[in-house]
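Colleague: I have a new model open and would like to go through it with you. Could you start with the terms and then take me through the packing?

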Amino acid sequence: MEDKQNIADEMIPYVEFADNANERTPCVLVLDCSGSMRGEPIKQLNAGLKALEKELKEDIDASSRVQILIIKACGKEDEAEVASDWVDAMDFTAPVMEAGGLTPLGKAVHLALEKIEAQKDLYDSCGVSSKRPWIFLVSDGEPTDYGWEQAAEECIRAQKNKKVVVHAIGTQGANMEKLAKFSLMPPKRLVG
């Protein structure tokens, strides 16, 4: 009985791609939900998530090709965690994020890079092609975790090696200088 369950568990990814074998673009949202995001910044972040959901669902190609994973960079223990596992854009529902805790941006982007590699391996094992993954890092740009600079350098290396594209987006009052350390492109402001 246990062997049958193990086989069924291994087949779940194959079933997922059997219904939709389109080329995929993995997209990780690294969201700063720390205490410093209280007020207008967290409102901007939540409005941005709703806008993203709407845009993805209205775009026929994106809704069936983009897969989203959300990582929260917040918490009392200065740890990052997956808030929402991989989901096709057509099934994505924007969560409402709440501000609180510290800002482990380095740990969050490191986790994002790990999750992307694992998802790309899954695509390969299922015969599904993929485009270069994207990371959207939305923050006020004030990391609190030790070693965040090394994680930022890891992001830059991954971009230079064409493994990922990182878009750093600053909320109201963001430290754009620190956000710029995570991306080859200049950070943008989250507006509207």
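Modeller: A crossing is called left-handed if the near helix is turned anticlockwise from the far one by less than a right angle, and right-handed if clockwise. Helices (H or I, at least four residues) and strands (E, at least two) are DSSP runs, numbered from the N terminus. By that convention, α4 passes α5 in a left-handed crossing. This is a predicted model, in which local features need pLDDT of at least 70 and side-chain atom pairs count only at pLDDT 80 or more, while totals for chains, interfaces and linings use all residues. Residues are numbered from 1 along each chain as its sequence is written, and side-chain values use heavy atoms, with hydrogens and water left out.

Colleague: What is the angle at which α4 and α5 cross?

Modeller: The axes of α4 (residues 105-126) and α5 (residues 148-160) cross at roughly 35 degrees and come within 8 Å; axes here are lines fitted to C-alpha atoms, for helices over the stretch in contact, and angles run from 0 to 180 degrees between N-to-C directions.

Colleague: And which residues meet there?

Modeller: From α4 they are G106, V109, H110 and L113, and they meet W148, A151, E154, C155 and A158 of α5, where contact means heavy atoms within 4.5 Å. By class, this contact has 6 nonpolar, 2 polar and 1 charged residues, with Ala, Val, Leu, Ile, Met, Phe, Trp, Tyr, Cys and Pro counted as nonpolar, Asp, Glu, Lys and Arg as charged, and the others, Gly among them, as polar.

Colleague: Moving on to the core, how many residues are in the largest one?

Modeller: The largest nonpolar core has 28 residues, and V28, V30, I71, I135 and F182 have the most contacts inside it. Such a core is a set of buried Ala, Val, Leu, Ile, Met, Phe, Trp, Tyr and Cys residues joined through side-chain atoms within 4.5 Å, and buried means under 20% relative accessible area, exposed over 50%, and partly exposed in between (1.4 Å probe, protein chains only). Helix α4 gives the most to this core, with 7 residues.

Colleague: What does F182 touch?

Modeller: Not counting residues up to four places away in sequence, F182 touches L105, V109, L137, W148, A152, C155, I156, Q159 and V166. F182 counts as buried because its relative accessibility is 0%.

Colleague: Is its ring pair with W148 stacked or edge-to-face?

Modeller: The ring centres of W148 and F182 are 5.8 Å apart and the planes are at 25 degrees, so the pair is stacked. The rule is that rings of Phe, Tyr and Trp (its six-membered ring) pair if their centres lie within 6.5 Å, and that planes under 30 degrees apart count as stacked, over 60 as edge-to-face and the rest as tilted. The pair links distant parts of the chain, with W148 in helix α5 and F182 in the loop between α6 and β6 (188-189), 34 residues apart.

Colleague: One last thing, where is K162?

Modeller: K162 is in the loop between α5 and β5, and has a positive phi of about 60 degrees although it is not a glycine. At 56% relative accessibility, K162 counts as exposed.
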